[in-house]
Amino acid sequence: MGKGMGHKKWCIPDLYMKEPGNRPTPSHESITIFNTGEETAEVGLTLVFDSRENTGRIEGIQVKPMQARQIRMDNLEAWNMKIPVATCYSAILESSKNVVVEYARFNWIDGAAQSFAVIPYFED
């Protein structure tokens with residue numbers, strides 16, 4: 001497959017961490033990074049918060065060849081980061097190799113489960 005499918009720069013403009021609630025599966029968000037290439041992808045993630053002037057940066061996300069990595073946005077302890085709930089934010093993902101990225105959100109709303117996934121905006 002050579003360089004692999006996908007792109008090196010991705011933007012997710014609409015992220016929102018809802019309160020987890022008291023259901024068996026808590027409301028959450030995730031970013032999936034799929035590396036179809038032959039070399040490990042080194043990925044960085046910049047988080048930009050609407051209600052705060054500062055941004056956050058996660059470095060050192062490694063995605064091995066022909067593997068996917070799911071990043072649960074409510075579980076970022078490995079990078080010493082915590083996303084505030086009920087806060088709009090955006091993300092820019094930059095990879096050393098081409099990758100395919102998906103963003104998914106799972107919420108409980110009025111007692112019913114809601115789930116969706118999108119392929120974010122990308123550039124070469």
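This is a predicted model: local features need pLDDT of at least 70, side-chain atom pairs count only at pLDDT 80 or more; totals for chains, interfaces and linings use all residues.
A residue counts as partly exposed when its relative accessible area lies between the buried limit, under 20%, and the exposed limit, over 50%. Glu39, at 49% relative accessibility, therefore counts as partly exposed.

**Nonpolar core**

- The largest nonpolar core holds 25 residues, of which Ile31, Ile33, Leu45, Leu47, Met73, Ile83 and Leu93 touch the most other members.
- Two or more residues each are given to this core by strands E1 (7-16), E2 (28-35), E3 (41-49), E4 (55-63) and E6 (88-109).
- Strand E6 provides the largest share of the core, with 6 residues.
- As a general background, nonpolar side chains in soluble globular proteins tend to be buried together.

**Met73 and Ser30**

- Leaving out residues up to four places away in sequence, Met73 touches Met17, Glu29, Ser30, Ile31, Leu45, Leu47, Ile83 and Tyr89.
- Among these partners of Met73 are Ile31, Leu45, Leu47 and Ile83, which are also listed with Met73 among the core residues that touch the most other members.
- Ser30, another partner of Met73, lies in strand E2.
- Ser30 counts as buried because its relative accessibility is 13%, and the limit for buried is under 20%.
- Beyond its neighbours within four places in sequence, Ser30 is in contact with Ile71, Arg72, Met73, Glu102, Tyr103 and Ala104.

**Salt bridge between Glu39 and Lys97**

- The count of salt bridges in the model comes to 5.
- One of them joins the side chains of Glu39 and Lys97, with an N to O distance of 3.0 Å.
- This pair links distant parts of the chain, with Glu39 in the loop between E2 and E3 and Lys97 in strand E6, 58 residues apart.
- Lys97, with a relative accessible area of 27%, is partly exposed, as is Glu39 at 49%.

**Salt-bridge network around Arg57**

- Arg57, Glu59 and Glu94 are linked in a network of salt bridges.
- In the bridge between Arg57 and Glu59, the closest N and O atoms are 2.6 Å apart.
- In the bridge between Arg57 and Glu94, the closest N and O atoms are 3.2 Å apart.
- The pair of Arg57, in strand E4, and Glu94, in strand E6, links distant parts of the chain, 37 residues apart.
- Arg57 is partly exposed at 35% relative accessibility, Glu59 is partly exposed at 47%, and Glu94 is partly exposed at 32%.

Definitions and conventions
Residues are numbered from 1 along each chain as its sequence is written. Side-chain values use heavy atoms; hydrogens and water are left out. A nonpolar core is a set of buried Ala, Val, Leu, Ile, Met, Phe, Trp, Tyr and Cys residues joined through side-chain atoms within 4.5 Å. Buried means under 20% relative accessible area, exposed over 50%, partly exposed in between (1.4 Å probe, protein chains only). Helices (H or I, at least four residues) and strands (E, at least two) are DSSP runs, numbered from the N terminus. Contact means heavy atoms within 4.5 Å. A salt bridge is a side-chain nitrogen of Lys or Arg within 4 Å of a carboxyl oxygen of Asp or Glu.
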